[in-house]
Amino acid sequence: MVDGTADLRLRAVVELAQALATEQTPLAAVRAGARRARLAMDASFAAISTWERETGRLRVLVNDGELAPGEEPEPEDESYSVHDFPEIVEFLHGEWARGGEPHAWVETAEGTGASPGGSSWGRAAALRRRGRGSCVVAPIVLHGRAWGELYVARRAGAAGFDRRDADFATVLAAVVAAGIAQTERLAEVQRLAFTDPLTGLGNRRAVDVRLDEALERHRSEGAVVSLVVCDLNGLKKVNDRLGHAVGDRLLERFGSLLSLCGAMLPGSLAARLGGDEFCVVAVGQEADEVVAAADELCRRAALLDVGEGVACGVASTGDPIGPVRSARRLFRLADAAQYQAKALRAPHPVVAGREGPEDPVLRLADTPPAQDSDRRRLRGHRR
């Protein structure tokens, strides 16, 4: 019986690979992958989602099989904050950093699953809400980085998944990843134009586009626009003492934390500006919500194994910072706040405009640097 099951599963893997080899677009590969995985695992439902690091969302691309109310085969806007499902982030850096490999895990509606770090209450609740009894979650990995996940579920009352099913799902996810990679090359060209290659976050070009759009909304609708600028402390020491490979891992790890905390601000963009500088652009959230996310980032960064935490500055049109007519002005204010945070070694973000008319951040933003050789000249004065 075991040999027969193994033969069936081997055949299913071969058929999945053959089906994916004929697809021409990433979405078509995802669609075929979800359907074939559902059938191979004798499941009632399957979905494939992608982790959008720059927004901190797990976005569903395809739902296949028996759909619950509100689910659509190819949803336009079904996504979940990775802040609610942190295992996709924490598993990568907790397990892979110790030399492990990505593997699937089982979750149950009763909350007895085995996700990294313990059962995920979010997934257990989702199973109960949708009339499903158990699921397998398998990371989909492209180019050595988490791309998303294959999610396969059985209806309530059906036999639950076990460890062997999780191992099989791990293989299926790897085959799906290969199929997606095959069709992704052309789309990758456009994506990389707006993505930092090391961290997977947005790049400076993406920030410029998003800020221009955001400030147009601010002018036309009064939408609050906020900018968090972060400087990762101690990167040079890490590079000098432990090597640039460790420094790159620190940048990647911090990028994941930035994505995780940025997910607290729906619709925000997390980006790496270059070197050890990062930022978050948020539109529509209250200034206090943005400060809370920045504070969470500072707290998490201080717990990293290497580095010396992060200096964060926040500038928001929701605070008394005066008129903001350009991205340059917002950057100068956020830069000045970050400069102040670094000078004070502040464990929490410094926020522009919150100390009254004599706020030192506002004065600094409007004062040209004393020497052109200052490494940390304010961004607005560098242009």
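**What lines the largest cavity**

How do the residues lining the largest cavity divide into nonpolar, polar and charged? Nine are nonpolar, one is polar and none is charged (Ala, Val, Leu, Ile, Met, Phe, Trp, Tyr, Cys and Pro count as nonpolar, Asp, Glu, Lys and Arg as charged, and the others, Gly among them, as polar). The model is predicted, so to speak of local features takes pLDDT of at least 70 and side-chain atom pairs need 80 or more, while totals for chains, interfaces and linings use all residues. Numbering runs from 1 along each chain as its sequence is written, and side-chain values use heavy atoms, with hydrogens and water left out.

**The cavities**

There are two cavities of 30 Å³ or more, and the largest holds about 60 Å³. A cavity here is a set of points on a 1 Å grid over the protein atoms alone where a 1.4 Å probe fits but cannot get out, with lining residues having an atom within 4 Å of a point. Points are joined across faces, edges and corners, and volume is the space filled by probe spheres set on them.

Among the lining residues are Val228, Gly262, Val280 and Leu297. Helices H8 (244–262) and H9 (287–301) each give two or more residues, and H9 has the largest share, with four. Helices are DSSP runs (H or I, at least four residues), numbered from the N terminus.

**H8 against H9**

The axes of H8 and H9 come within 9 Å and cross at roughly 150 degrees (lines fitted to C-alpha atoms over the stretch in contact, angles from 0 to 180 degrees between N-to-C directions). The two helices are therefore roughly antiparallel, a label for angles over 145 degrees.

Technical notes:
1 Å grid on protein atoms, 1.4 Å probe; cavity = no way out; pocket = protein on both sides within 12 Å on 5 of 7 lines; lining within 4 Å. Parallel < 35°, antiparallel > 145°, perpendicular 65-115°, else oblique.
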